[in-house]
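Load the model in your viewer and keep the sequence panel open.

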Amino acid sequence: QVQLVESGGGSVQAGDSLRLSCVFSGRIFDNYAMGWFRQAPGREREFAAVISYNGGTTHYADSVKGRFTITRDNAKKTVYLQMNMLKPEDTAVYFCAAQITGWDDVVPLDANVYDDWGQGTQVTVSS
């Protein structure tokens with residue numbers, strides 16, 4: 001069974017940076033696309049970024065494009081989300097998610113297709 005543990009959240013000022021990490025265990029990490037999603041209070045969970053099994057393909061929500069960068073280290077079984085130029089509207093609980101894709105270079109955007117989720121890490125950005 002896949003286990004995902006996020007870390008790196010916190011409270012920062014607008015314009016600051018944070019790097020989230022998500023450690024994967026339980027299965028072969030290289031077979032999974034990894035996504036970051038976020039959920040603000042009173043809102044639906046929304047897609048932020050995704051990376052394919054080998055890091056060859058990434059995709060970002062328009063709201064974070066140019067500010068966030070998703071990367072992965074398959075040797076460490078870890079996916080990262082570097083968040084720069086943070087804005088108050090980035091305040092949310094951030095979740096990482098895993099979807100088995102084998103060696104297909106696909107990047108699922110729909111939260112409903114992801115089978116495994118972490119517990120989330122809170123990011124709060126104040127103005």
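Which side chain of opposite charge is nearest to Glu6, and how many Å away is it? It is Arg45, 7.7 Å away; Glu6 is buried yet has no salt bridge. Buried means under 20% relative accessible area, exposed over 50% and partly exposed in between (1.4 Å probe, protein chains only). A salt bridge needs a side-chain nitrogen of Lys or Arg within 4 Å of a carboxyl oxygen of Asp or Glu.

This is a predicted model, in which local features need pLDDT of at least 70 and side-chain atom pairs pLDDT 80 or more, while totals for chains, interfaces and linings use all residues. Residues are numbered from 1 along each chain as its sequence is written, and side-chain values use heavy atoms, without hydrogens and water.

Stay on Glu6 and show its side chain. A polar atom there lies 2.8 Å from the backbone nitrogen of Cys96, and the backbone nitrogen of Gln119 lies 3.0 Å from a polar atom of the Glu6 side chain.

Next, select Phe37 and Trp117. Their ring centres are 5.1 Å apart and their planes at 55°, so the pair is tilted. Rings of Phe, Tyr and Trp (its six-membered ring) pair if their centres lie within 6.5 Å; planes under 30 degrees apart are stacked, over 60 edge-to-face, the rest tilted. Phe37 is buried at 1% relative accessible area, whereas Trp117 is partly exposed at 27%.

Phe95 is buried, at 10%.

Finally, select Phe37, Phe47, Phe95, Tyr114 and Trp117 together: ring pairs link them into a cluster.

Terms used. Lys and Arg count as positive and Asp and Glu as negative; His and the chain ends are not counted. A polar contact is a pair of N or O atoms within 3.5 Å; within protein, one must be able to donate a hydrogen and the other to accept it, and residues adjacent in sequence count only if both atoms are side-chain atoms.
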